[in-house]
Amino acid sequence: MFGTFQQSSLRIELEASEEALTKSLTQVKELQNWLWFERFSIGISDTLTPGTKLTGRIGLVTIQHEVELAEPNRIRFLLSQGIDGFHEWAWGNGWVQSRLEGISLLPISLGQTATLLSLKQYLKSQ
């Protein structure tokens, strides 16, 4: 993989329950509603469970996601192609945290910030 090693951890507070965050981060239809700038492959299960594979596209860049870990308040994706690394989410009542590490030509901290802001806006509109 070409690129540089990058890592970023962000935690934000938001007005959302643990249940709303769980649904938004583990249900494929919900994920597609707020992660509007990344289109995922069709034909995947409704709920993200270990082993679930998603193919996402951001413009011309393809990013493979495989759910490595799915716990009540945490999910971890192994990433390949456009980013070689992982993206881990943790959440609770009123907060969400995202940790992203990988090698990529993409500015992953910028994408991570956009992702968190998109989730926050989506939950605010619910």
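Which residues of helix α1 (residues 18–26) are buried? Here is a friendly walk through the structure, with that answer along the way.

1. **What you are looking at.** This is a predicted model, in which local features need pLDDT of at least 70 and side-chain atom pairs count only at pLDDT 80 or more, while totals for chains, interfaces and linings use all residues. Residues are numbered from 1 along each chain as its sequence is written, and side-chain values use heavy atoms, with hydrogens and water left out.

2. **The layout.** The protein chain has three helices and seven strands. Helices (H or I, at least four residues) and strands (E, at least two) are DSSP runs, numbered from the N terminus.

3. **Overall dimensions.** The radius of gyration of the protein chain is 14 Å, which agrees with the value near 14 Å for a compact globule of 126 residues. That radius is taken over C-alpha atoms, and the globule rule is 2.2 Å times the number of residues to the power 0.38. Along its principal axes, the C-alpha trace spans about 40 × 30 × 25 Å.

4. **Contacts and surface.** Contact here means heavy atoms within 4.5 Å. Of the contacts between residues at least 6 apart in sequence, 43% join residues at least 24 apart. The accessible surface, from the Shrake-Rupley method with a 1.4 Å probe, comes to about 7000 Å², and 55% of this belongs to carbon and sulfur atoms.

5. **Helix α1 and its cover.** Back to the opening question: the buried residues of α1 are Leu21, Ser24, Leu25 and Thr26. Buried means under 20% relative accessible area, exposed over 50%, and partly exposed in between (1.4 Å probe, protein chains only). An α-helix has 3.6 residues a turn, so residues three or four places apart point the same way. The cover over the buried residues of α1 includes α2 (28–34), β5 (74–81), β6 (84–92), β7 (95–104) and α3 (108–124). Across the protein chain, 39% of the 126 residues count as buried.

6. **The aromatic pair.** The structure holds one aromatic pair. The ring centres of Trp34 and Trp89 lie 6.0 Å apart with the planes at 80°, so this pair is edge-to-face. For reference, rings of Phe, Tyr and Trp (its six-membered ring) pair if their centres lie within 6.5 Å; planes under 30 degrees apart count as stacked, over 60 as edge-to-face and the rest as tilted. Trp34 belongs to helix α2 and Trp89 to strand β6, so the pair ties together parts that are 55 residues apart in sequence. Both Trp34 and Trp89 are buried.

7. Thr115 sits in helix α3 and, at 9% relative accessibility, counts as buried. Leaving aside residues up to four places away in sequence, Thr115 touches Trp34, Leu35, Phe37 and Trp89. The C-alpha atoms of Thr115 and Leu35 are separated by 6.8 Å, although these residues are 80 apart along the chain.

8. **Two residues to look up.** Most residues other than glycine have a negative phi. Gln81 is not a glycine, yet has a positive phi of about 75°. Gln81 is in strand β5 and is partly exposed, at 42% relative accessibility. Leu60 lies in the loop between β3 (53–58) and β4 (61–71) and is exposed, with a relative accessible area of 82%.
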